[in-house]
Every structure is written in C-alpha cells, then in structure tokens.
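This report covers salt bridges, helix geometry and the nonpolar core. The model is given first.

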Amino acid sequence: EKNRTTKLKREVKAKETDLMKFTHANTKILNETSALTERMHRLEKNLNNKAGAGEPTSNNDPAAKKDAEERRKLVHLVRLQAREVDALKAEIMMLRRKGGHI
C-alpha cells in the first residue's frame, strides 16, 4: 500500500510539472498574441491616419510611389499578423479541448 501511495505521489508530481510546462507555454503564446495584436492595431491606426490625410498622390512622384509601396507592405504585414494571431488562438482552443489548462 505504501509503495502504491509513493507511486501515485510521483505521478501527481509529474502531472503538476507537465501542467506548469503547459501553463508556461500557453502564457508565452498569449503574450505573443497580445503583442502582435497591439502592433497590428498600431499599424492599422497609422495606416488609417495616413489614408485619411487626403494627400493627393501623383503617379510621377517617386516619394508618393515609395509611400504607396510602404503602405502596401504594411497592410500585407498586418494581414499576416492577423492570420498568425488567429492561428495562435486556434492552437490555444485546441489545447483547451485536449484538457490543457490555460
């Protein structure tokens, strides 16, 4: 009986260690998600501010072309980050369904 109790205590300790590892990993994912979401909102705000400025763009103006290209790249980056955030959220939900504690 004592042997069984000792074995069960070791199993509980191992499960607690696993739980701590999963909690740490999930916390890291949530922090990354938060940082990416915050960055995405800042980028969107900057894009909206620039788009709302009403500056006419000339097809022959190299600076305007450069700004438009930079804006296009930022929009692409925001979309990629939004997909990454969605993927992280899906991974968190999958872990929750598998019985992981977040």
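Glu-38 is partly exposed because its relative accessible area is 47%, where buried means under 20%, exposed over 50% and partly exposed in between (1.4 Å probe, protein chains only). The model is predicted: local features need pLDDT of at least 70, side-chain atom pairs count only at pLDDT 80 or more, and totals for chains, interfaces and linings use all residues. Residues are numbered from 1 along each chain as its sequence is written, and side-chain values use heavy atoms, without hydrogens and water.

The structure holds 2 salt bridges, a salt bridge being a side-chain nitrogen of Lys or Arg within 4 Å of a carboxyl oxygen of Asp or Glu.

| Pair | Closest N and O atoms |
|---|---|
| Arg-42 and Glu-38 | 3.3 Å |
| Glu-69 and Arg-72 | 2.5 Å |

Arg-42 and Glu-38 both lie in helix H1, 4 residues apart; helices are DSSP runs (H or I, at least four residues), numbered from the N terminus. Glu-69 and Arg-72 are 3 residues apart in helix H2. Arg-42 is partly exposed at 46% relative accessibility, as are Glu-69 at 33% and Arg-72 at 48%.

Gly-99, with a positive phi near 95 degrees, follows H2.

The largest nonpolar core consists of Ile-29, Leu-36, Val-85, Leu-88 and Ile-92. Such a core is a set of buried Ala, Val, Leu, Ile, Met, Phe, Trp, Tyr and Cys residues joined through side-chain atoms within 4.5 Å. H2 gives the most to this core, with 3 residues.

Definitions and conventions
Helices (H or I, at least four residues) and strands (E, at least two) are DSSP runs, numbered from the N terminus.
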